[in-house]
Amino acid sequence: MQNIGFQINTILQPLAVGFVFLLTYLAEHLFPQRKELLQNNHDLKNIMVGVVNLLFSFASGYYLQKLMVYASGQNFGLIPFAKIPTLLSLVLQIICIDLFVYWWHRVNHHIPLFWKFHKFHHEDENMNTTTAVRFHTVELFFAVIAKAVFLTLMGITVTGLIAYGILFFPVVLLVHSNIRINQKTDFLLRKIIISPLMHRIHHSNVIVETNSNYGSVFPFWDRIFKSYRKKPIGRIKFGL
């Protein structure tokens, strides 16, 4: 089953990410939160960075998934997710991966070596959908090493990783987007997933706001670990 999931993911994931990216990018131009952030030169630069990063991510992801298939075949991992009923296993794996992503993100803000590269993502003063693919490639290298250790150690399956990706990529593109959303709708949305206004606070150039709202998919980690900020201090200015 893992091998089938591995093959499907290798073929479909790049196409799915590209399709969702185009939809989100189009939506933020039709219904922008801030019209002044619509700048073609800015977007082109981020997309160029993103193309390089996506090539790296898909190449490293290919070998990461091969490692996971091998580790699963050796019955390696602290939790036997493959032996748990499928639906329950997927839910537990998604929660487990998202918890890791929360803490990895938070570590990138508080360890100087990691922040040196992660801040490239935060330096964008015109946050929109293209910001979601604006990362320093060295950060992605550190991330794939950390994921390889965590995922194999925990016994996460390729199917679980694919299921998480189905949630992760649309949410990450949405929360970085410049799509118009009112506060009431945003507060309802963040009861289930990270919302655009919640993540815009994280991209504020005010340090106490930058160091808040670390979540990637689910909003409850920030509340549990005391990093949640409901509203910005004032009008958000993006960047550092």
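Modeller: Let's open with contacts, meaning heavy atoms within 4.5 Å. Among those between residues at least 6 apart in sequence, 74% join residues at least 24 apart. Keep in mind that this is a predicted model, where local features need pLDDT of at least 70, side-chain atom pairs count only at pLDDT 80 or more, and totals for chains, interfaces and linings use all residues. Residues are numbered from 1 along each chain as its sequence is written, and side-chain values use heavy atoms, with hydrogens and water left out.

Colleague: How many helices and strands does the protein have?

Modeller: Elements are DSSP runs numbered from the N terminus: helices are H or I with at least four residues, strands are E with at least two. Here that gives 10 helices and zero strands. The radius of gyration, taken over C-alpha atoms, is 18 Å, close to the 18 Å from the globule rule (2.2 Å times the number of residues to the power 0.38) for 240 residues, so the protein is as compact as a globular protein of that length.

Colleague: And what share of the residues counts as buried?

Modeller: Buried means under 20% relative accessible area, exposed over 50%, and partly exposed in between, using a 1.4 Å probe and protein chains only. By that cut-off, 48% of the 240 residues are buried.

Colleague: Which residues touch the most other members of the largest nonpolar core?

Modeller: In soluble globular proteins, nonpolar side chains tend to be buried together. A nonpolar core is a set of buried Ala, Val, Leu, Ile, Met, Phe, Trp, Tyr and Cys residues joined through side-chain atoms within 4.5 Å. The largest one has 29 residues, and Met68, Ile97, Leu151 and Ile156 touch the most other members. The elements giving two or more residues to this core are α2 (40–73), α3 (86–110), α5 (137–154) and α6.

Colleague: Now histidine 176: is it buried or exposed?

Modeller: Buried, because its relative accessible area is 4%. Histidine 176 lies in helix α6, residues 158–176.

Colleague: Which side chain makes a polar contact with the side chain of histidine 176?

Modeller: A polar contact is a pair of N or O atoms within 3.5 Å; within protein, one must be able to donate a hydrogen and the other to accept it, and residues adjacent in sequence count only if both atoms are side-chain atoms. The partner is the side chain of histidine 199, at 3.2 Å. The backbone oxygen of valine 172 also lies 2.8 Å from a polar side-chain atom of histidine 176.
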